Amino acid sequence: MSGTPSAEGGAARGLFITIEGGEGSGKTGLAPRLMTHLEHLGFDTVRTREPGGCPQAEEIRSLVVSGGADRWSPEAELLLFMAARREHLNRVILPAVARGAVVVCDRFLDSTVAYQGMKGVAEDTILDAHRLLCDDVRPDLTLLLDLDPVVGLARAGKRLAAQSSTEGRFESMGLAWHQGVRAAFLHMAAREPQRFAVIDAARDQEAVIDAALAAVTDRLRDGVGAELAAIQAAARRALGGDEAARVWLRQPAYGLGFDIPERLLGTKEGRQRVLTALGQIEYGVYS
Ligand SMILES: Nc1ncnc2c1ncn2[C@@H]1O[C@H](COP(=O)(O)OP(=O)(O)O)[C@@H](O)[C@H]1O
Ligand SMILES: [Mg+2]
């Protein structure tokens, strides 16, 4: 989504991060680790997935991820994915981002462009539909787990068997098709390098997770991080000295969390300085 989170007044908004990639690339394994990472950084987080993410969309999920490969025409399938996405945006993603949370979604629009595109739906049709019916909502950051489908399908096949899952409809599409999906993802990433971080997912799982977390930290430093640095500098100026407040952006919609130096809290003047500084920061004097 456009813009970056802001600590000023009602303009606070969170971040929308998506994880994309082919079958077995490690998306679902990465998600809980990314949540832990973001929580340690002090963010309010929401983990979700597509298709699905709310009861209405989960019902649609069962229609599209199971059954035979030709269960749906490409156009009907696109509409089912879009119906699920509209509900998911309304009920989960948009409210969470509006209250300042970081939303991490396992698959989103790029999967639709790659998969339904490979089924013959024109990319313009998909993007026009998204603009008309889903407010053209785009992620702030997309982690693309890039992997040769020969490796990915072998991993996914093991997982489906281990979980006795019936969600194998897309896995059943054949290798050449999945190679096309991979190429489509890489094409989108090349077109929008500022949004995508491409992660080599052929490495062992810990290396892939490390690379993904580093990419997120980098983007936060550029976006939220720049704002946080400005607030910290202002707090330092207001409270005086290097050992002054360490300020952490927690839930932007609800304000900021502060670590106030003990020595300031020990005296009345110190406490007054803290209150004055907080007041200045709250009213945006920090910039
Ligand atoms: N880097 C990796 N190396 C080996 N196996 C992996 C790796 N990443 C994930 N796996 C395994 O592959 C399977 C699919 O991973 P998963 O995270 O479910 O992928 P996705 O959600 O992208 O389909 C799981 O059984 C997982 O444990
Ligand atoms: Mg998955």
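In this predicted model, the axes of helix 4 (residues 109–118) and helix 7 (residues 175–191) come within 9 Å. They cross at roughly 140°. Helix 4 is therefore oblique to helix 7, since only angles over 145 degrees count as roughly antiparallel. The crossing is right-handed. Helix 4 contributes Asp110, Val113, Ala114, Tyr115, Gly117 and Met118 to the contact. Helix 7 answers with Trp177, Gly180, Val181, Ala184, Phe185 and Met188. Nine of the residues in this contact are nonpolar, two are polar and one is charged.

A second pair is formed by helix 2 (residues 55–65) and helix 3 (residues 74–98). Their axes come within 8 Å and cross at roughly 160°. This angle makes helix 2 roughly antiparallel to helix 3, because it lies over the 145-degree limit. The crossing of helix 2 and helix 3 is left-handed. On the helix 2 side, the contact involves Gln56, Ala57, Ile60, Arg61, Leu63 and Val64. On the helix 3 side are Glu77, Leu80, Phe81, Ala83, Ala84, Glu87 and His88. By class, the contact of helix 2 with helix 3 has eight nonpolar, two polar and three charged residues.

Note on methods. Residues are numbered from 1 along each chain as its sequence is written. Chains are lettered from A and ligands numbered from 1 in the order in which they are written. This is a predicted model: local features need pLDDT of at least 70, side-chain atom pairs count only at pLDDT 80 or more; totals for chains, interfaces and linings use all residues. Axes are lines fitted to C-alpha atoms, for helices over the stretch in contact, and angles run from 0 to 180 degrees between N-to-C directions. Helices (H or I, at least four residues) and strands (E, at least two) are DSSP runs, numbered from the N terminus. Angles under 35 degrees count as roughly parallel, over 145 as roughly antiparallel, 65 to 115 as roughly perpendicular and the rest as oblique. A crossing is left-handed if the near helix is turned anticlockwise from the far one by less than a right angle, and right-handed if clockwise. Two residues are in contact if their C-beta atoms, placed from the backbone, lie within 7 Å. Ala, Val, Leu, Ile, Met, Phe, Trp, Tyr, Cys and Pro count as nonpolar, Asp, Glu, Lys and Arg as charged, and the others, Gly among them, as polar.
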